[in-house]
Amino acid sequence: MKYDHILIRYAELSLKGKNRKQFEQKLERNIREVLKGFEAIKVKRSFGRMFVKLNGEEETAVCQKLQTVFGIHSLSPSIKIALSEKEISEGALWAAEDALPSGRGTFKVSVRRTNKDFPIGSQEMNKVIGGHILRNMNEISVDVHNPDVELKVEIRSEAAYISSKVLKGAGGLPVGTSGKVLLMLSGGIDSPVAGYLALKRGVTLEAIHFHSPPFTNERAKQKVEDLVKVLTQFGGTIKLHIVPFTDVQTLIHKQVPDNYEMTVTRRFMLRIAEKIAKVNHAKAIVNGESLGQVASQTLDSMYTINSVTNLPVLRPLITMDKLEVIEQARKIGTYEISILPYEDCCTIFLPAESKTKPDKDKAERYESFLNLEEIIDDAVNRTTSHEFTASADEESEINELF
């Protein structure tokens, strides 16, 4: 006997009411996509659950892939057993012996009977299975509060599924159920984490990066592309838009006082991002700002910068401190890429001091000396785009995600 299925439990999908079927269908498609490198597997959806039939594929590798899929609450390697009291008891005994190879420890049986035609109730089956295990394993005892192993038995219409461990899933909503957003991806630590957290809420993600050669080199652009590749492990195909930003930054540097330069630069970034978002049917912009972290991320700065767009600007990191962001970046595998010493455009022409409370009217007055529409349209027209897709053969280093 060996584990032949992965039982998948949903995250927030149970709260979706009449829309639940659409969310489940999207989750099933996402699971099929992430497991496309495993040719033998079969995916089946049942009410409240999904099952991956392994057909000989390696259980651990499949579970690791599934743990990156948003919309999954938890998953368990399971054995599929015929609907008979004897076979279910034998399957549970095998699972207990597999989980406690020394033959020592404590256990608990949790039966969930969705098949009401099965003649034995859940509580009675707990006793039947527990008694069978106790009779066949001499150095084991029951602990219903803090067991070494909890044997979960799901009695469904077609079969029973037995598991001895529960692996945590990514949670959230299936990618593609919440509309499209455009992530402002700088190449630093924060914005990839913001992208990951946005994906967790079910969005389809595209990214925009402002590239300023020769001040930023090709390695800086490659760094951003590598970050996008990591995010594809969670979000599937992601389109990256590279905006040529040198001319814009040079003009701002010549025309705008030093202490307003960063504010005006970010206002231009947001205007360009808005245009590209609308062309690509994105309904919001996402960035990696955290309140008060730097001069451009005070409430006054956010107000002045945000005033140039009517699109929602989502900030998943708004309440997080830097250490929390770094911890998350390490878990998802972006941190080591983000700290590579290749500067992005935000480090160019840095003034000695930036305004922490920039005035919107002053920013607008400084911008009045620039031909806004011409500058923005030129940058948008020269933007290049490239799609990145998660590869079954190219694994990112995702460190202790759960």
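Here is a walk through this structure, from the whole chain down to single residues.

Before we start, keep in mind that this is a predicted model, where local features need pLDDT of at least 70, side-chain atom pairs count only at pLDDT 80 or more, and totals for chains, interfaces and linings use all residues. Residues are numbered from 1 along each chain as its sequence is written, and side-chain values use heavy atoms, with hydrogens and water left out.

Let's begin with the big picture. The chain has 13 helices and 15 strands; helices (H or I, at least four residues) and strands (E, at least two) are DSSP runs, numbered from the N terminus. If you trace the C-alpha atoms, they span about 85 × 35 × 35 Å along the principal axes. Of the 402 residues, 53% are buried. Here, buried means under 20% relative accessible area, exposed means over 50%, and partly exposed is in between, using a 1.4 Å probe and protein chains only.

How does the chain connect to itself? Take the contacts between residues at least 6 apart in sequence: 81% of them join residues at least 24 apart. A contact means heavy atoms within 4.5 Å.

Lys and Arg count as positive and Asp and Glu as negative, while His and the chain ends are not counted. Each charge is placed at NZ of Lys, CZ of Arg, CG of Asp or CD of Glu.

Next come the salt bridges, each one a side-chain nitrogen of Lys or Arg within 4 Å of a carboxyl oxygen of Asp or Glu. How many are there by this rule? The count comes to 26. One of them joins R32 to E28, with the closest N and O atoms 2.8 Å apart. These two sit four residues apart in helix α1 (residues 20-34), so about one helical turn separates them. R32 is partly exposed at 41% relative accessibility, whereas E28 is buried at 12%.

Another salt bridge pairs R315 with E289, at 2.5 Å from N to O. R315 is in the loop between β14 (313-314) and α10 (322-332), and E289 is in the loop between β13 and α9, so the pair ties together parts that are 26 residues apart in sequence. Both of these residues are buried. Elsewhere, salt bridges with shared partners link R20, E24, E28, R32 and R45 into one network.

L134, V142 and V144 make a nonpolar one, with about 230 Å² of accessible area together. V142 belongs to strand β6 (residues 139-142) and is partly exposed at 45%. E87, E90, E97 and D98 make a negative patch. E90 is part of helix α3 (residues 85-99), and its relative accessibility of 35% counts as partly exposed.

Is T298 buried or exposed? T298 is buried, with a relative accessible area of 18%. You'll find T298 in the loop between β13 (284-286) and α9 (299-306). Leaving aside its neighbours within four places in sequence, T298 touches L291, G292 and T356. D258, in helix α8 (residues 258-279), is partly exposed at 46%.

Let's finish with the backbone. The peptide bond from P213 to P214 is cis, with omega near 5°, and P214 is in the loop between β11 (204-211) and α6 (218-235). N55 isn't a glycine, yet its phi is positive, at about 50°. N55 sits in the loop between β3 (49-53) and α2 (59-66). H281 also has a positive phi, near 65°; this residue lies in the loop between α8 and β13 and is exposed, with a relative accessible area of 59%.

Conventions:
Patches are made of residues with over 30% relative accessible area and no salt bridge: like charges are joined within 9 Å, nonpolar side chains (Val, Leu, Ile, Met, Phe, Trp, Tyr) within 5 Å. Accessible areas come from the Shrake-Rupley method with a 1.4 Å probe; for residues, only the protein chains shown count as cover.
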